[in-house]
Amino acid sequence: MQVPPMHGPRLVAAVLFSAPCLVAQPHDDQHARSAPHEHTTAPEPDPANAPVSAPPEALPVESHHHDEPIEVVVKDDARDPHAASRLVVGRRELDFRPKRRPSDILEAAPGLFVAQHAGGGKATQFFLRGFDADHGTDVAFYADGIPINFVSHGHGQGYSDLNFIVPELVVGLDIYKGPYYAELGDFATAGAVNLRLVEVFPESFASYSLGQYGVQRIVLAASPNLGEGWRNVVAGEITTQDGPFENPERYRRFNVFLRTTRDLGLHSKLALTWMSYGGRWNGSGQIPARAVCGEGEAGLDPPSSFGEPCLDRFGSVDPSEGGQTQRHTASVAYSLDAHGATISALAYATKYRWNLYSNFTFFDRDPINGDGIEQTDDRVQIGGDFRVRRHVHFVGSQFTTNVGIQVRADSIDNGLYDQRARERIRERVRSNIEESQIGVFAEEDLRLTKNLRFIAGLRIQRIDAAVEDQREDVSTLGTRTSGSSGATLTLPKLTAVVSPVEEWELFGNAGRGFHSNDARGTVLSTGRVDLMTPAMGYEVGTRVRPMRGLSLYTSAFLLDLDSEQVWVGDEGTTEASAETRRTGVEIGARAHLWNWFFADLDATFTRAVFVSNAGNGSSVALAPTRTLTAGVGVRPKLGDYTPFGALRVKSLADRPATEDESLTAEGYTLIDAEAGLRWSFIEAAIDVQNVLGTTWREVNFATESRMGYEPAPVTGIHYAPGWPRTVIGRVTLYWP
């Protein structure tokens with residue numbers, strides 16, 4: 001298990017189940033600890049003006065009523081950023097952004113794009129730093145330090161379904177890019193995101209949303225008062241949507257969140273959390289562009305050539321696609337601040353069950369019943385984290401030592417079945433997997449002077465797996481599909497930070513990271529893959545704050561990955577491929593001005609190639625090449641009224657869909673808007689998604705498939721259509 005640190009402002013909810021991420025607090029932290037009980041707003045110090053000796057965790061608690069004036073400042077990586085690309089996003093920035101779905105929260109991370117893979121409650125697809133990371137293979141996700149990515153999942157390695165997150169409960173993001181952080185382990189190659197969840201609400205609320213295409217959403221949240229020293233959250237969400245599809249999604253999502261925190265004196269606390277999620281949906285799948293009139297690639301026969309009608313872009317080939325899932329997580333966290341150090345511990349357990357019905361190739365393998373498959377995953381995951389962090393001052397220098405041990409164990413049953421209309425025809429895979437991870441890390445942060453800082457870290461990671469294939473062919477030698485495997489990696493990290501003048505920093509980073517591979521592929525007698533795939537990354541960058549409330553940053557990076565995960569359309573999963581290299585440049589800006597105005601802009605330019613050309617081109621299919629996100633948000637206080645609004649744009653450029661670049665995955669540019677007004681205890685708002693009504697493809701794949709009327713398989717673009725313009729109204733009631 002790997003848990004990111006909770007650097008940055010100590011938000012009301014930040015210190016809880018990121019307890020393993022807790023760090024040493026200053027001796028004068030008593031006021032910050034009392035703030036949650038008082039439900040007050042503490043002005044947040046400007047990181048640019050912070051004294052050099054102050055640890056990054058000294059920022060006060062963030063807890064405010066939505067209608068109170070607040071002082072808003074740029075929040076970098078608290079006061080001690082490790083890299084130009086490192087960013088902390090707090091509740092105040094999130095208040096300026098629409099929060100309809102978990103993806104809206106995630107896209108506050110610069111350069112991170114989130115796309116719905118096939119509709120409904122299926123995990124989304126992630127793009128970051130030149131990676132099409134599928135469902136999370138090269139981007140690590142955490143909720144208060146609890147890892148979200150699943151190993152050896154029934155659909156794909158690193159599968160990360162964030163539908164159990166209620167957006168209103170997220171009070172901040174810790175954003176990491178590159179493999180430069182010793183406390184991060186599996187999947188943190190392109191980067192990592194930790195979502196910090198609320199510890200207490202300053203006011204309770206009930207919200208109801210109603211929109212086009214069957215969109216309805218109810219959210220209830222409260223912080224009941226159980227007495228001094230207690231902080232509590234009770235929240236629930238019910239969401240339904242049909243979407244613009246001819247085969248309605250009928251997506252039904254249910255979430256429950258319970259949290260209680262108990263102060264055990266001035267310097268320690270204990271917190272308990274329960275999260276439950278259930279979802280069920282239909283999916284329209286990824287449809288072939290050649291079956292939609294006017295959208296097929298040149299040279300491919302349209303349906304009319306076979307006397308068949310065109311497919312509507314919101315239609316489906318196999319309307320039985322869809323799925324269902326359940327996820328329940330319990331966790332307990334403890335932290336103790338004493339003698340300039342923090343000791344923290346986290347333990348968690350997750351019960352998860354999942355079924356997915358898909359059809360990627362239609363009638364290629366089975367012209368009679370079709371190529372529908374059912375994938376299943378049923379697991380129990382347990383984990384823990386223990387760490388110690390300590391600050392020491394010596395002869396004008398500051399030493400910060402952070403050491404920890406992280407463990408995780410997954411007990412997994414997964415399977416693969418051929419199916420027609422969700423009725424199983426035959427069993428293809430049934431496996432039992434026991435997989436465990438242990439990571440030990442140490443990091444020394446040495447600030448020699450006000451202008452010079454070094455961070456050196458080392459992580460040692462061990463993974464062991466045992467696979468029992470219930471369908472193994474034991475009658476033939478050389479067909480082994482059961483067994484055990486294990487691997488260890490040593491992962492050094494190094495960072496240098498130079499500040500030539502106040503408000504300007506230069507960064508240099510290098511580090512080795514990894515992602516794990518599906519354990520089932522590591523025990524094969526033929527075609528065996530490594531259990532761990534290492535990555536080596538380098539980055540240089542700079543950050544400058546020319547005025548209070550404004551931060552500008554840029555970075556250039558190089559990342560070598562020993563083995564790429566590539567899409568296999570006929571199996572609906574990924575497999576390990578050859579070594580790749582990614583290079584890129586990122587630029588960005590964030591401005592918090594006048595306490596009521598926020599603006600941001602982030603652009604990325606990346607190139608991803610296979611190091612060796614296998615004769616079919618060297619481009620990494622679906623790797624993003626150029627991205628842009630930008631937006632403005634306002635929330636002024638005008639007497640008894642608080643109007644608010646936001647306008648956001650995101651753009652993903654065209655990119656190769658195949659290694660030889662013969663097919664192209666179309667990009668898109670979208671504009672979303674929000675406007676509303678709060679008066680007293682009531683708030684009303686309107687969200688408009690895709691304001692311009694752009695026709696766009698949310699995901700693209702190059703896939704070989706065969707429609708029922710086609711005489712032979714055809715390779716072409718399959719895509720999931722993005723939603724048209726969608727208007728959603730919302731009313732929220734607040735009470736003490």
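**Ground rules.** I am working with a predicted model, where local features need pLDDT of at least 70, side-chain atom pairs count only at pLDDT 80 or more, and totals for chains, interfaces and linings use all residues. I count residues from 1 along each chain as its sequence is written, and side-chain values use heavy atoms, with hydrogens and water left out.

**Entry: the patch.** I looked up a nonpolar patch on the surface and found L638, Y641, L677, W679, F681, I682, V731, L733 and W735, with about 850 Å² of accessible area together. Here a patch takes residues with over 30% relative accessible area and no salt bridge, and nonpolar side chains (Val, Leu, Ile, Met, Phe, Trp, Tyr) are joined within 5 Å. A salt bridge would be a side-chain nitrogen of Lys or Arg within 4 Å of a carboxyl oxygen of Asp or Glu. The areas are Shrake-Rupley values with a 1.4 Å probe.

Which element gives the most to the patch? I found that strand 37 does, with 3 residues. Strands are DSSP runs of E with at least two residues, numbered from the N terminus. L733 lies in strand 37 and is partly exposed at 37% relative accessible area (between buried, under 20%, and exposed, over 50%).

**Entry: the pairing.** I saw that strand 29 (residues 626-634) runs antiparallel to strand 30 (residues 641-652), joined by 8 bridges; pairing needs at least two DSSP bridges. L628 has S651 as its bridge partner. In their hairpin, G639 takes a positive phi near 65°. Strand 30 also pairs with strand 33, antiparallel over 12 bridges, and there F644 partners G676.

Notes: Patches are made of residues with over 30% relative accessible area and no salt bridge: like charges are joined within 9 Å, nonpolar side chains (Val, Leu, Ile, Met, Phe, Trp, Tyr) within 5 Å. Helices (H or I, at least four residues) and strands (E, at least two) are DSSP runs, numbered from the N terminus. Buried means under 20% relative accessible area, exposed over 50%, partly exposed in between (1.4 Å probe, protein chains only).
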